[in-house]
Amino acid sequence: MIESHDVLAQKSEEHTTFSSKSGVLGRAISFLYGIAAYAIFSVTFLYAIGFVDGLLVPKTIDTGDATPLAEAIGTNIALLALFAIQHSVMARPQFKRWWTQFVPKSIERSTYVLLASLALALLLWQWQPIPAVVWEIGDPRIAAVVTGLSLAGWLFALTSTFLINHFELFGLHQVTSNLAGRPTPAPHFLTPLFYKVVRHPLYLGLIVAFWAAPTMTVGHLLFAAGMTAYILVGIALEERDLIDLFGEEYRRYKDRVPMLIPWRKSV
Ligand SMILES: C[S@@+](CC[C@H](N)C(=O)[O-])C[C@H]1O[C@@H](n2cnc3c(N)ncnc32)[C@H](O)[C@@H]1O
C-alpha cells in the first residue's frame, strides 16, 4: 500500500489534536521525557564507541570476567537478538499503529529511542568477552590507522543522521513540535550528500566501525558478524516500508544507487 502525503498530513493532524488535548503540563512532561530519552541515547552511543574500539571506558568488548565459551556465546547471541528484535519490531508501521493506542504519538519515537538505548546498554553491560585472537596487527602505526578508520565509521554514521534529520530520528523534533502545539511535519524523502553514493550510509558507517579492529577477538567478531547480519535484515524491512511510504520515488532511487558498497550496482 502506498501511503500518500495526504495520509501523512492527516496523521500530523491527529497528532495536533492530541497536542491540544493534552494540556501545557502534559506537553512539558512529554518534552522533558524526550530530552531524557535523547540524553540516555547520547551517553549509550558514546559508551558504545569506547566499548567497541577499546578506548577510555571501563568495560570494553574484550574485557570482563571470563566465562565458559558456550555460556559466553549463548549470552552474547541472546543480547544481540534482543537488540535486533526490539529495533526491528518497534520500528515497523504496523507496530507503531498498535502501540500508539497506548503511548501518545508525540513521544512514540522518544520511547523507541529510550528502549533501544536500554537494550544497547544491557548488551554493553552484560557482554561476555571471548578473548581468543582471530587477527592482530603488529605494527602500532597501522593499528592506529585501523582504529582511526573505525572512529571515522562512527562519525560517518552520526553525520548521516544529521543529513536526513537527526532530531526527528531521535524524537526531539516530535516533542518540541508538540510542546509548541505544532503538527509534526510528514517525513520527506531525502538524498543529500552520502545518500547519493549509497542508500544506507548510517549502516555503512556502523559496519566499518565494527569491523575495523586492529585486534579482532572471537568476541568482537561475534559482535561484528551479528550486528552486520541484523543490519542486512533491517535494511530489507526498512526498504519495504520506504517503498510503501515514498512509492515509485524510492523504487527509482533503489535502481540508481547501491545499497552499501559505493559504485557497485547490486549491493
Ligand atoms: C536509523 S535511520 C537509517 C537511515 C538509512 N538506512 C541509513 O543507513 O543511512 C532509519 C530511518 O531513516 C529513514 N530513511 C531512510 N532513508 C531515508 C531517506 N533517503 N530519506 C528520508 N528518510 C530516510 C527511514 O524511514 C527510517 O525511519
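This is a predicted model: local features need pLDDT of at least 70, side-chain atom pairs count only at pLDDT 80 or more; totals for chains, interfaces and linings use all residues.
Figure 1. T44 belongs to helix 1, which comprises residues 5–53. The relative accessibility of T44 is 8%, and T44 counts as buried because this value is under the 20% limit.

**Figure 2. Segments listed as transmembrane in the UniProt record.** The unreviewed UniProt entry lists residues 31–52, 72–91, 112–130 and 142–164 under "transmembrane region". Two of these segments are described here.

**Figure 3. The salt bridge between R92 and D241.** R92 occupies the loop between helix 2 (69–91) and helix 3 (93–99). Its side chain meets that of D241 in a salt bridge, with an N to O distance of 2.8 Å. Because D241 lies in helix 9 (residues 218–246) and R92 in the loop between helix 2 and helix 3, the pair ties together parts that are 149 residues apart in sequence. Both D241 and R92 are buried; for R92 the relative accessible area is 13%. Not counting residues up to four places away in sequence, R92 touches L237, E238, R240 and D241. A search of the whole structure finds 5 salt bridges. Side chains of opposite charge can pair when their charged atoms come close.

**Figure 4. The salt-bridge network of R199, E239 and K254.** These three residues, R199, E239 and K254, are linked in a network of salt bridges. In the contact between E239 and R199, the closest N and O atoms are 2.7 Å apart. This pair links distant parts of the chain, with E239 in helix 9 and R199 in the loop between helix 7 (172–180) and helix 8 (201–211), 40 residues apart. Both partners are buried: E239 has a relative accessibility of 5%, and R199 has a relative accessible area of 8%. The side chain of E239 also meets that of K254 in a salt bridge, at 3.9 Å from N to O. Because E239 lies in helix 9 and K254 in helix 10 (residues 248–256), this pair ties together parts that are 15 residues apart in sequence. K254 is partly exposed, with a relative accessibility of 33%.

**Figure 5. The shell of residues around the ligand.** The residues surrounding the ligand are I164, L169, H188, F189, L190, Y195, H200, P201, L202, Y203, E238 and L242. A nitrogen atom of the ligand lies 2.7 Å from an N or O atom in the side chain of H200. At P201, a polar backbone atom is 3.4 Å from an oxygen atom of the ligand. At L202, a polar backbone atom is 3.0 Å from an oxygen atom of the ligand. Taken alone, the ligand exposes 560 Å², and the protein buries 82% of that area. Helix 8 and helix 9 are the elements that give two or more residues to the shell. Which element gives the most to the shell around the ligand? Helix 8 does, with 3 residues. One of the shell residues, E238, is also among the residues that R92 touches.

Figure 6. V218 lies in helix 9. V218 and V134 are 84 residues apart in sequence, yet their C-alpha atoms are 6.2 Å apart in space. Not counting residues up to four places away in sequence, V218 touches I130, A132 and V134.

Terms used
Residues are numbered from 1 along each chain as its sequence is written. Side-chain values use heavy atoms; hydrogens and water are left out. Helices (H or I, at least four residues) and strands (E, at least two) are DSSP runs, numbered from the N terminus. Buried means under 20% relative accessible area, exposed over 50%, partly exposed in between (1.4 Å probe, protein chains only). Contact means heavy atoms within 4.5 Å. UniProt positions are given in the numbering used here, feature names are shortened, and annotations may be inferred rather than shown by experiment. A salt bridge is a side-chain nitrogen of Lys or Arg within 4 Å of a carboxyl oxygen of Asp or Glu. A residue is near a molecule or strand if one of its heavy atoms lies within 4 Å of it. A polar contact is a pair of N or O atoms within 3.5 Å; within protein, one must be able to donate a hydrogen and the other to accept it, and residues adjacent in sequence count only if both atoms are side-chain atoms. Accessible areas come from the Shrake-Rupley method with a 1.4 Å probe; for residues, only the protein chains shown count as cover.
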